[in-house]
Amino acid sequence: MKFDVVIIGGGLAGLTCGISLQRKGRRCAIVSAGQSALHFSSGYFDFLDRTADGKAVENPLDAVSALPEGHPYRKIGVEDLERYMGEVKPLFAGCGIELKGDWSRNCYRITPVGGVCPSWLCLGEFTPFTTAQAEVGRNVMVVNIPGYMDFNARFVAAGLEKRGAACRIVDVTVDELSGLRANPSEMRSSNIARLMDSGHVAVRFAEAVRMKLSGEDAVVLPAVFGLKDSSVPQKVAEIIGVRTEYVATMTPSVPGIRTQMRLRAAFERLGGTYILGDTVMPSEIRDGRVVCLSTVNFGNEKLYADAFVLAAGSFFSNGLAASRECVTEPVFGLDVHAADDRSKWGDMDFFKRQEYIGFGVKSDADFHAVKDGVSVSNLYVAGSVAGGYNPIAEGSGAGTAIMSAMSVAEHIISKIG
Ligand SMILES: Cc1cc2nc3c(=O)[nH]c(=O)nc-3n(C[C@H](O)[C@H](O)[C@H](O)COP(=O)(O)OP(=O)(O)OC[C@H]3O[C@@H](n4cnc5c(N)ncnc54)[C@H](O)[C@@H]3O)c2cc1C
């Protein structure tokens, strides 16, 4: 099979790259082994939350020049970054995904423990607070869904109370959820959301929340609404009738899964081929180029293309692999940024900066992958498989995925026409 571009990995980076290429008329295939990090997303997209010394960043573009030279943002450059940042909301809107927030400034978000931390843009049901003093309300009703363990109402209430709100936790449920409650492993956010998607259940739930109000000016709910129908969270808020804030739950992430599904649908609508549940096998680089890829399911049928993009994610998605001795990139055996000294990989203090999070594939200024010190002329790297930055320490996961994907798409178009 022959395509213009074959992309390995169908998460945020692979899909953003594929959509950008399809929109410019290139024929792409995405091969994706499984779920992406979006299934675990908070619903907020980070661009650059913190400086190297841990200070909250207000204007992300202003902080780019202080990043190390090999950082993806430094490769892209401030001018192109600014252009891409301005294109993100329309790009996602074209895929049926509402992103809120001002792309040129960071916002703040309420965390699952009721604290506040910086972020960039957020999915439609969330609020991009403009200050760190973000107030959900003075008297807040935090809703607990009995039997649902992946949202801790007590943590949320305790966090909000620390910041001056008076909180009351109430249990709210509806008969339709009792089937899920019979088995604790079924009481998951995605299953709840599936039931809530059939409108009358969400209406009954929202009415039950409203009945419990006792003078509160705000309600906090777990983000378990709108798996397919993104209008459900808004409808629920309207019925409740007071300010309603959604807070991210433990995984799976309902807003994240919806985003993944919509990006994929948009890619396919544009004519892209999305091959889910297949894995690209170790593949050869010959004379500085990739000629074709083999996958587990296609066997002897090879995937040919003019350009290839590695968007296979980090350790979490098997885009990188670690043994006791070394870190490797499993498909092409590419060069990897990683500390040789094993003791430098991580810190036993879980909350400190973990160096291994910054490990990743080496790439040149145009995001060509590097093997044995030489750039591979038609293989590009996008998203969290790339090295040179630490997305957790600096808070830049979604931003680097989207920006590098958009940049790679442009490099490919300028090269293959
Ligand atoms: C648990 C978790 C939660 C996160 N939450 C947030 C958040 O809330 N906000 C934020 O800004 N950032 C978050 N991040 C950072 C996140 O890495 C980026 O936001 C971004 O989603 C990464 O996208 P990606 O496409 O690079 O990789 P991924 O989403 O990891 O996708 C890589 C894909 O490649 C596939 N793949 C791997 N190897 C192969 C192969 N050989 N053949 C075929 N397919 C393959 C995988 O199955 C996977 O589907 C989170 C990261 C993790 C791990």
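Predicted model: local features only at pLDDT ≥ 70, side-chain atom pairs only at ≥ 80, totals over all residues.
In soluble globular proteins, nonpolar side chains tend to be buried together. The largest nonpolar core here holds 99 residues, and the members that touch the most others are Phe92, Val142, Phe205, Leu221, Val309 and Met403. Helix 12, which covers residues 397–416, gives the most to this core, with 9 residues, and the core draws at least three residues from each of domain 1 (2–43 + 58–98 + 256–416) and domain 2 (132–247).

Phenylalanine 205 shows what such a position looks like in detail: when residues up to four places away in sequence are not counted, Phe205 touches Val143, Ile145, Val172, Thr173, Val174, Met196, Leu221 and Phe225.

## A buried aspartate without a salt bridge

Aspartate 278 sits in the loop between strand 12 (273–276) and strand 13 (285–286). This residue is buried yet has no salt bridge, and the nearest side chain of opposite charge, that of lysine 302, is 12 Å away.

What does the side chain of aspartate 278 reach at 2.9 Å? It reaches the backbone nitrogen of asparagine 297. Leaving aside neighbours within four places in sequence, aspartate 278 is in contact with Val31, Ser32 and Ala33, and also with Thr295, Val296, Asn297 and Phe298.

## Salt bridges

Side chains of opposite charge can pair when their charged atoms come close. The count for this model comes to 18 salt bridges, and one of them joins the side chains of glutamate 125 and arginine 258, with N to O at 2.7 Å. This pair links distant parts of the chain, since glutamate 125 lies in the loop between strand 7 (121–123) and strand 8 (139–144), whereas arginine 258 belongs to helix 10 (residues 254–269), 133 residues apart. Glutamate 125 counts as buried because its relative accessibility is 9%, and arginine 258 counts as buried because its value is 7%.

Arginine 243 forms a salt bridge with glutamate 245, their closest N and O atoms being 2.9 Å apart; here arginine 243 is partly exposed, at 37%, while glutamate 245 is buried, at 5%. Glutamate 355 and arginine 353 also form a salt bridge, with the closest N and O atoms 3.0 Å apart, and in this pair glutamate 355 is partly exposed at 33% relative accessibility, as is arginine 353 at 48%. Finally, Asp80, Arg83, Glu87 and Glu410 are linked in a network of salt bridges.

Technical notes:
Residues numbered from 1 in each chain as written. Heavy atoms only, no water. Core = buried A, V, L, I, M, F, W, Y, C linked by side-chain atoms within 4.5 Å. Buried < 20%, exposed > 50% of the residue type's maximum accessible area, 1.4 Å probe, protein only. Helix = DSSP H or I, 4+ residues; strand = E, 2+ residues; numbered from the N terminus. Domains from an automatic or database assignment. Contact = heavy atoms within 4.5 Å. Lys, Arg positive; Asp, Glu negative; His and termini not counted. Salt bridge = Lys/Arg side-chain N within 4 Å of Asp/Glu carboxyl O. Polar contact = N/O pair within 3.5 Å; in protein donor to acceptor, adjacent residues only side chain to side chain.
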